[in-house]
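Reader: I am new to this structure. Please take me through the terms used for it, one by one.

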Amino acid sequence: MSDYQKLAELLFPNITKTPKDYEAIYPQRKLPEGARVSRFAPSPTGYLHFGGLYAATAAKLNCVATKGTFLLRIEDTDKKREVEDGVSAIVEGLNYFGITPDEGVMGYDKESGSYGPYTQSKRVEIYQTFAKNLVAQGLAYPCFCSAGELDEIRTAQENEDIKGYYGSYAKCRDLSIDEIKANIEAGKTWTLRLKSPGSVDKKIIFDDMIKGKIEMPENVIDVVLLKTDGVPTYHFAHAVDDHLMHTTHVIRGDEWIASVPLHIQLFKVLGFKPVKYAHIAPIMKEDEGGKRKLSKRKDPEAAVSYYIEQGFPKESVSEYIFTILNSNFEDWRRANKDAELSAFPFNLKKMSVSGALFDMVKLCDVSKNVISTMKAEKVFELSYEWAKSYCPHLAALYEQDKGRATAILNIDRENKKPRKDIAKWSDIPDYISYMYDETFTPCYELNGNATPQLAVDVLEKYIDIVNLDDDKDTWFARMKDMCEPLGCTANVKEFKQNPEGYRGHVGDVSTIIRVALTGRTNTPDLYSITALLGESTVRARLNAALKYYKEEI
């Protein structure tokens, strides 16, 4: 037995499996030729970030496009930073927006698939098996340096181009097995480090699927593979996991580009075929000082939970994400207005190299379009579910008469040119407030040619003729018939040709009635509003407005 093998047994006496055992446990996947396997592998150290949802969507689409497999892996080896319910928040956030994994973590302590466990803290023995094999080959070694000794190394390297544990600074790299044994017997703790085969004179070139060819110096640092508690670092764990889970493409933030030389080196020393990397530029936001990254600390919209709480439908957020995922999506959407998002031919190479710009105004515009195409029943159902959790007052209004609430939401909907007033469910309470007496706030400000005197004349006449049994044509005919006796014209074009000859036109007449009934100058179809308000409410509001304008004269 070689010294390296003796060292491996000394460090890992309880590890009895070999890498070959795990290769047998996790065989090649049976997928169509060209199928890609991608993963989303967040840490449960906080809420699901919008950038995470963006990356997860790209990873999912990368698999869907090739009939591959998308998996969710939880990288929870940093227990100090883990937050309570962090896993549930990630899973629920992804599920809400339809980014459901084909396998992996499906909920708290719930997994599905043949390549698990998908939670890294449950895979420690696997990592230690591959670590032991590296030691047995002379490719890894224990490091006994204390925190103080590592600080001394950092201080000594202040003016050097390369910083880290390498070369002459790697004090434990060449310890003999007897020295190592003595340290262990003395109770010294150790980390396991990679014995990097890299050279300061060499470079690596890799082809990033988004950014193209990138050239970087080789990794020369003897990085930590296992911490003192035997738990792996992210660098080591991800290489083992991606190999055993047969990941083909890793899609992640471009802050990881600096680690690619190390990661490719780890794949090679472990004897694995490297994955293909696609590094996504961060989501940017316009600020007073220019563009900056969407920030967890500064921007509430950075949290995926924000969109749920505000009531953005998942369809809207997904549609918006597609607009920033691929540069050709909006052209595709114009040509395929009714197509499902899943029909879009997503391509990693069409992702932004410099960083997609987050735009709340555009998100709202996209969402208005999406909601405008929904049937009233769907708008009611989705907004009611949202209201029960986030707006009890709206839920209570709905519950007075769910049929009437649906009819209110159906005004100017389901036609060739539906209105686009609602961007999110939290807009609805204000949008429909005038339809309920308990939320109606009178406002009698007029616009156009309407004056308080004209309002008095219009309302006095309309109160006498209003009839909620009228059909729409009859109702509008009554509106036009009122014009001439009031000194107005039923023809707007005629008014524009001779504005001095009239007090106003039919639009001014209807505005006065609209303001009296809704407190607004711009609303959906007035006939439908009148019918749904009901006789007693209509007459009460008309009389209240008439009284107000008489006092104004």
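Author: Start with helix 8. Tyr234, Phe236, Ala237, His238, Ala239, Val240, Asp241, Asp242, His243 and Leu244 are buried there. This is a predicted model: local features need pLDDT of at least 70, side-chain atom pairs count only at pLDDT 80 or more, and totals for chains, interfaces and linings use all residues. Residues are numbered from 1 along each chain as its sequence is written, and side-chain values use heavy atoms, with hydrogens and water left out.

Reader: What makes helix 8 largely enclosed by the rest of the structure?

Author: Buried means under 20% relative accessible area, exposed over 50%, partly exposed in between (1.4 Å probe, protein chains only). In helix 8 (residues 234-244), 10 of the 11 residues are buried, so the helix is largely enclosed. Helices here are DSSP runs (H or I, at least four residues), numbered from the N terminus.

Reader: Why are helix 8 and helix 9 called oblique to each other?

Author: Their angle is about 50 degrees, with the axes 10 Å apart. Axes are lines fitted to C-alpha atoms over the stretch in contact, and angles run from 0 to 180 degrees between N-to-C directions. Under 35 degrees counts as roughly parallel, over 145 as roughly antiparallel, 65 to 115 as roughly perpendicular and the rest as oblique. Helix 8 and helix 9 are therefore oblique.

Reader: Which residues of helix 8 and helix 9 meet?

Author: Tyr234, His235, Phe236, His238, Ala239 and Asp242 of helix 8 meet Leu262, His263, Leu266 and Phe267 of helix 9. Contact means heavy atoms within 4.5 Å.

Reader: What are helix 14 and helix 15 to each other, oblique or parallel?

Author: The axes of helix 14 (residues 376-390) and helix 15 (residues 392-400) cross at roughly 130 degrees and come within 6 Å. Helix 14 and helix 15 are therefore oblique. Among the residues making this contact are Phe380 and Trp386 of helix 14 and Leu394 and Tyr398 of helix 15.

Reader: Why does Lys375 count as exposed?

Author: Its relative accessibility is 52%, so Lys375 counts as exposed. Lys375 lies in the loop between helix 13 (360-372) and helix 14. Leaving out residues up to four places away in sequence, Lys375 touches Arg413 and Glu414.

Reader: Which residues touch the most other members of the largest nonpolar core?

Author: Phe50, Leu192, Phe236 and Leu542 do, in a core of 170 residues. A nonpolar core is a set of buried Ala, Val, Leu, Ile, Met, Phe, Trp, Tyr and Cys residues joined through side-chain atoms within 4.5 Å.

Methods
Helices (H or I, at least four residues) and strands (E, at least two) are DSSP runs, numbered from the N terminus.
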